[in-house]
Amino acid sequence: MLLKIPFKHGSMKESDTDKAPDKIVEMLSKDYEKIKFDILDVETSQDLIENQKNIEEAVPSRFFVGIGGDHSITYSLINGTKKKPLLVMMDAHPDCEIGFDNVTHEDFVRKLVENQIVSGVVFIGLRKWSNDEMNFIKKNNLVFFSSYEIMQKGIKRVTEDLMSLLRGKKFYLSIDIDGVDPGFAPGVDWPEPGGITSRELLYFIGKIKKMDGLIGADLVEINPEKDVNNITVKLGSEIIKALTKH
Ligand SMILES: [Mn+2]
């Protein structure tokens with residue numbers, strides 16, 4: 001089941017990530033594989049509290065994939081599962097900043113940990129963080145595989161290491177498209193050079209998807225207005241296919 005969540009007000013600057021769900025679903029409908037998806041349009045609101053409530057209530061008990069929108073929606077999606085999973089997050093940034101009252105795409109991971117909505121966090125592909133964020137990661141024993149470590153060990157080895165860490169656990173997979181190198185995914189608001197390739201990401205998802213503990217997933221932060229030749233939207237549609245493949 002796909003949940004379209006065109007919400008962008010968890011972003012700290014003007015953004016067009018709200019246009020991504022329609023673009024990705026349109027791309028999927030043109031795909032020669034002609035896969036049929038069960039799609040739910042989640043009603044979004046500029047009232048942040050109401051918006052969170054709408055997302056939480058839309059979360060089904062079976063496996064789902066949320067399509068954002070900015071990364072703040074992950075907070076409500078995980079809260080809506082009521083399963084306190086481990087969060088596995090592909091991202092260039094850890095999104096653990098301090099200092100916002102509302103849940104934003106810069107601090108939602110800190111809030112997920114502090115409010116005990118997740119049992120822990122494993123970051124994949126990190127390469128840009130502040131001192132506050134790294135202090136928080138260390139203090140809370142959050143695990144991370146930086147993009148540098150992925151280069152050194154190779155995606156296969158890192159995926160195997162992650163899978164042994166996840167065995168027997170309930171987990172949720174969140175994919176911020178900026179975890180991928182902007183050369184492969186240019187349609188983002190915060191490009192960070194030095195990321196993994198789109199091939200590495202699709203390999204990673206293919207392996208992780210087969211694990212029993214995966215309860216839900218999301219794909220966020222694609223900005224179609226900044227895309228080049230639909231590369232990022234197309235990658236987004238391949239990610240959705242990989243996440244929903246049986
Ligand atoms: Mn993010």
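Which residue in S5 does Leu87 stand opposite? I found Val121 there.

Before going on, I noted that this is a predicted model, in which local features need pLDDT of at least 70, side-chain atom pairs count only at pLDDT 80 or more, and totals for chains, interfaces and linings use all residues. Residues are numbered from 1 along each chain as its sequence is written.

**Entry 1: the whole chain.** I listed nine helices and eight strands. Helices (H or I, at least four residues) and strands (E, at least two) are DSSP runs, numbered from the N terminus. I read a radius of gyration of 16 Å, which agrees with the value near 18 Å that a compact globule of 246 residues would have; the radius is taken over C-alpha atoms, and the globule rule is 2.2 Å times the number of residues to the power 0.38. Along the principal axes, the C-alpha atoms fill a box of roughly 45 × 40 × 35 Å.

**Entry 2: the sheet.** I traced an open sheet of eight strands with parallel pairing, in the order S2-S1-S3-S8-S7-S4-S5-S6. Two strands pair if DSSP finds at least two bridges between them. S2 (39–41) and S6 stand at the edges with a single partner strand each, so one side of each has no neighbour in the sheet. I also looked at S7 (residues 171–176) and S8 (residues 214–220), which pair in the parallel sense over six bridges. In that pair, Ile175 stands opposite Leu219 in S8.

**Entry 3: around S5.** I went back to S5 (residues 120–126). Its pairing with S4 (residues 86–90) is parallel, over five bridges, and its pairing with S6 (residues 143–146) is parallel too, over four bridges. In S6, I found Phe145 as the bridge partner of Ile124 and Ser146 as that of Leu126.

Is S5 enclosed or open? Five of its seven residues are buried, so S5 is largely enclosed by the rest of the structure. Buried means that 20 or more other C-beta atoms, placed from the backbone, lie within 10 Å of the residue's own. For the chain, I noted 49% of the 246 residues as buried.

Key
Buried ≥ 20, exposed ≤ 12 C-beta atoms within 10 Å, placed from the backbone.
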